[in-house]
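Let's take a look at the salt bridges in this protein. Have the sequence and the 3D view ready as you read.

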Amino acid sequence: MEVSAGLRMNERQGRLLLLTTILGSGMAFLDGTIVNVALPRIGRDLDTDLAGLQWVVNGYTLTLAALILVGGSLGDRLGRKRVYGWGIAGFAVASVLCAVSPTIEILVGARLLQGVAAALLTPGSLAMLQASFHPDDRMRAIGAWTGMLGIATAGGPVLGGWLVGIDWRLAFWINVPIAVAILFLLRYAPETLDPHAEHHVDIPALLLAPLALAGITWALTAWPDTGLSGTTLLSLVIGVLAAVAFVVAERREHAPMVPLGLFANRTFSVINLVTLAVYAALSGSFFLLAVYLQVSAGWSPLAAGAATVPVSVVMLFLASRFGGVATRYGARLPMLSGSLVLGLGLALLAMAPDRPSYVTQILPGITLMGFGLSMLVAPLTGTVLAAAPEERSGIASGINNAVSRTAGLIAIAGLPLVVGLSGREYEQPAAVADAFRASMWWCVGLVAVGALLTAVGLQRHCNRPEVAAGASAATSDAT
């Protein structure tokens with residue numbers, strides 16, 4: 001039973017809580033957006049190779065993906081407000097370390113710490129809204145949270161590009177005043193926790209999950225430069241063995257971090273596999289698009305950041321509508337249609353020349369990606385929630401979130417390997433353009449795998465009311 005569930009939207013405390021959660025989620029999102037745009041500038045300033053830039057992104061994603069379920073569990077057990085505050089404070093401290101980093105190694109280390117902090121704050125936003133607001137105002141609060149994050153999603157790349165154009169370190173300094181404001185507002189938030197939450201800590205999962213992700217990611221990132229050397233092979237073997245040990249440990253654990261019994265549900269398993277394929281395509285495409293537009297096309301960080309705004313704008317207006325379509329007709333049809341449109345958008349980007357025109361050669365593909373994601377993501381998110389028992393919807397959402405972030409981790413590490421981009425080649429316009437086009441075709445293939453899994457594995461009438469409810473959060477999570 002929750003400690004507090006009575007705030008109303010028309011009350012000052014309710015509005016302050018909503019603002020607190022929006023600022024925290026927005027800060028974490030904005031940081032990720034700006035970092036992608038900042039990569040070429042970071043590479044030049046810190047004199048690093050492509051592997052270093054990959055780790056700037058993947059260091060953060062690694063610890064976030066490995067620990068996000070732990071963060072949600074700690075919030076339920078110790079108090080969501082308390083753990084959210086820890087995450088905000090930690091994110092600010094890690095951001096300062098990022099901003100003053102003199103070398104790529106220190107920057108990557110600080111990004112790892114940022115990911116740990118994000119794992120504490122990310123699950124807290126919606127959990128605090130869900131636990132604190134009166135049931136009659138709960139969906140209104142979540143809808144307002146989603147709408148404001150949608151605006152941040154659309155405007156974030158532009159702000160990020162502007163900041164990076166001045167100095168990429170501002171991408172991290174900007175988090176400090178935001179975090180101070182959040183911690184001040186957090187004083188007015190009620191504390192909530194679940195007195196029946198499991199107090200057992202799944203130590204094997206806590207150790208094995210980061211080891212598995214780090215081993216595999218390190219191997220994929222190092223492979224283009226070193227080949228399958230002894231160190232690279234050892235890292236890969238350690239990662240794979242840790243992943244196998246993780247599954248074995250979770251099967252034996254009486255209170256596992258990842259309840260493997262959820263995967264006995266065919267829909268839950270299929271949707272998570274689709275998530276793995278689709279989000280790998282998304283993360284890989286956005287990572288390489290930001291580099292391609294600046295290095296090959298010669299665009300400024302502001303222009304490169306603004307290029308992806310249509311994706312967010314289209315999703316802001318259409319994602320919830322397609323959630324309603326999925327409720328009426330089932331998730332399978334909109335997911336298949338969305339995969340087709342998303343794949344077409346990526347294919348158009350794959351045909352872009354070295355020096356593209358935005359209006360004729362970038363905008364059509366980006367816009368189609370927005371339409372495809374609007375059709376695909378909301379039904380996907382809602383279906384994975386509906387596939388789990390109601391009392392386990394929180395852990396089901398957390399697993400799906402972790403899968404999506406793991407997909408991005410592997411894609412950013414693996415795509416440069418399969419297209420042959422390595423070392424300092426990210427500074428060469430022709431090499432980046434060739435790698436970008438090849439990567440987009442690989443992303444098309446990943447989306448096609450997702451569509452095939454949907455067609456074969458998802459029932460024709462997978463139709464539950466929760467699909468519509470999942471549409472709102474999906475809009476923000478997708479980008």
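Arg424 is partly exposed, with 32% relative accessible area, while Asp47 is exposed at 55%. (Buried here means under 20% relative accessible area, exposed over 50%, and partly exposed in between, using a 1.4 Å probe and protein chains only.) This is a predicted model, where local features need pLDDT of at least 70 and side-chain atom pairs count only at pLDDT 80 or more, though totals for chains, interfaces and linings use all residues. Residues are numbered from 1 along each chain as its sequence is written, and side-chain values use heavy atoms, leaving out hydrogens and water.

So what counts as a salt bridge? A side-chain nitrogen of Lys or Arg has to sit within 4 Å of a carboxyl oxygen of Asp or Glu. By that rule there are eight salt bridges, including these:

| Pair | N to O distance |
|---|---|
| Arg8 and Asp137 | 3.0 Å |
| Arg424 and Asp47 | 2.9 Å |
| Asp76 and Arg80 | 2.9 Å |

Arg8 lies in the segment before helix H1 (12-46) and Asp137 in helix H6 (residues 135-166), so their bridge ties together parts 129 residues apart in sequence. (Helices, H or I of at least four residues, and strands, E of at least two, are DSSP runs numbered from the N terminus.) Arg8 is partly exposed at 27%, but Asp137 is buried at 6%.

With Arg424 in the loop between H16 (393-419) and H17 (429-457), and Asp47 in the loop between H1 and H2 (50-78), that pair links parts 377 residues apart in sequence.

As for the last pair, Asp76 is partly exposed at 27% and Arg80 is buried at 7%. Finally, shared partners join Asp47, Arg424 and Glu427 into one salt-bridge network.
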